[in-house]
Amino acid sequence: MRAVLDTSVLLGALIAPQGLPTDAIYRAWRAERFDLVTSTAQLYKLRQIGRYPRLKAAILPAHRIETIVNNMQRAIILDALPPASAVADSAANKDKDALLLLSMAQAGEADYWVTDNLHCAQLSQRGGTGRTRVVTPEAFRDLLAR
């Protein structure tokens with residue numbers, strides 16, 4: 001089973017470990033319960049987030065983000081991403097992050113896209129995600145628990 005994790009899901013595992021479904025998902029991936037699909041663009045974005053002054057000082061030191069990025073080196077990393085499908089382009093133009101994640105899901109042939117983003121759920125309802133099901137972190141955690 002392959003999954004794309006929204007960047008906020010990855011950050012949630014770092015910000016509030018042991019308690020949120022995002023941490024359970026991250027631990028399940030580390031235990032090789034599913035294959036994580038990511039991209040060089042998402043890894044770059046994570047590194048950029050680690051440099052935000054307010055995050056570094058208060059919530060999330062850069063070294064913790066670097067740890068997750070280093071761990072993700074064993075994921076399926078896509079270098080070049082094709083444009084998202086035409087159906088998705090019209091629905092997600094408002095959200096460039098959603099387009100990146102959709103491109104990752106399509107190129108990586110992901111079974112699941114784990115996100116809380118409502119735009120992404122709308123894409124799924126319109127058939128714009130192809131074979132990939134859009135699920136919340138709670139639903140994916142429950143799926144992994146079965």
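This report covers the fold, cores, helix contacts and selected residues of a predicted model.

## Basis of the model

In this predicted model, local features need pLDDT of at least 70, side-chain atom pairs count only at pLDDT 80 or more, and totals for chains, interfaces and linings use all residues. Residues are numbered from 1 along each chain as its sequence is written, and side-chain values use heavy atoms, with hydrogens and water left out.

## Overall fold

The protein chain holds nine helices and five strands. Both are DSSP runs numbered from the N terminus: helices are H or I with at least four residues, strands are E with at least two. Starting at the N terminus, the order is β-α-α-β-α-α-α-β-α-α-β-α-β-α.

Of the 146 residues in the protein chain, 45% are buried. Buried means under 20% relative accessible area, exposed means over 50%, and partly exposed lies in between (1.4 Å probe, protein chains only). The accessible surface of the protein chain is about 7500 Å², and carbon and sulfur atoms hold 51% of it. Those areas come from the Shrake-Rupley method with a 1.4 Å probe; for residues, only the protein chains shown count as cover. Among contacts in the protein chain with a separation of 6 or more, 64% join residues 24 or more positions apart. A contact means heavy atoms within 4.5 Å.

## Nonpolar cores

The largest nonpolar core has 27 residues. Such a core is a set of buried Ala, Val, Leu, Ile, Met, Phe, Trp, Tyr and Cys residues joined through side-chain atoms within 4.5 Å. Leu5, Phe34, Leu46, Ile65, Met72 and Phe140 have the most contacts inside this core. Two or more residues each come from E1, H1 (7-15), H2 (21-30), H3 (40-49), H5 (62-71), E4 (112-114) and H9 (137-145). H1 gives the largest share, five residues.

A second, separate core has 12 residues, including Leu78, Leu101, Leu102 and Ala110. Back in the largest core, phenylalanine 140 is among the residues with the most contacts. Beyond residues up to four places away in sequence, phenylalanine 140 touches Met1, Ala3, Ile25, Phe34, Tyr112, Val114 and Val135.

Alanine 3 sits in strand E1 (residues 2-5). Its relative accessibility is 0%, so alanine 3 counts as buried. Leaving aside neighbours within four places in sequence, alanine 3 contacts Phe34, Asp35, Leu36, Val37, Ala110, Tyr112 and Phe140. Valine 134 is 131 residues from alanine 3 along the chain, yet their C-alpha atoms are separated by 9.7 Å.

Serine 39 belongs to strand E2 (residues 35-39). Serine 39 is also buried, at a relative accessible area of 0%. Not counting residues up to four places away in sequence, serine 39 touches Ile77, Leu78, Leu81, Leu100 and Met104.

## Helix contacts

H1 is mostly covered, with seven of its nine residues buried. These are Thr7, Val9, Leu10, Leu11, Gly12, Ala13 and Leu14. The axes of H1 and H2 come within 7 Å and cross at roughly 100°. Hence H1 is roughly perpendicular to H2. Axes are lines fitted to C-alpha atoms, for helices over the stretch in contact, and angles run from 0 to 180 degrees between N-to-C directions. Under 35 degrees counts as roughly parallel, over 145 as roughly antiparallel, 65 to 115 as roughly perpendicular, and the rest as oblique. Val9, Gly12 and Ala13 of H1 meet Thr22, Asp23 and Tyr26 of H2. By class, that contact has three nonpolar, two polar and one charged residues. Ala, Val, Leu, Ile, Met, Phe, Trp, Tyr, Cys and Pro count as nonpolar; Asp, Glu, Lys and Arg as charged; the others, Gly among them, as polar.

The axes of H3 and H7 (residues 96-107) come within 10 Å and cross at roughly 140°. That makes H3 oblique to H7. H3 brings Ala41, Gln42 and Lys45, while H7 brings Asp97, Leu100, Leu101 and Met104. The contact has four nonpolar, one polar and two charged residues.

## Positive phi values

Most residues other than glycine have a negative phi. Glutamate 32 has a positive phi of about 65° although it is not a glycine. Glutamate 32 lies in the loop between H2 and E2 and, at 64% relative accessibility, counts as exposed.

Glutamate 109 also has a positive phi, near 50°. Its place is the loop between H7 and E4. Glutamate 109 is partly exposed, with a relative accessible area of 47%.
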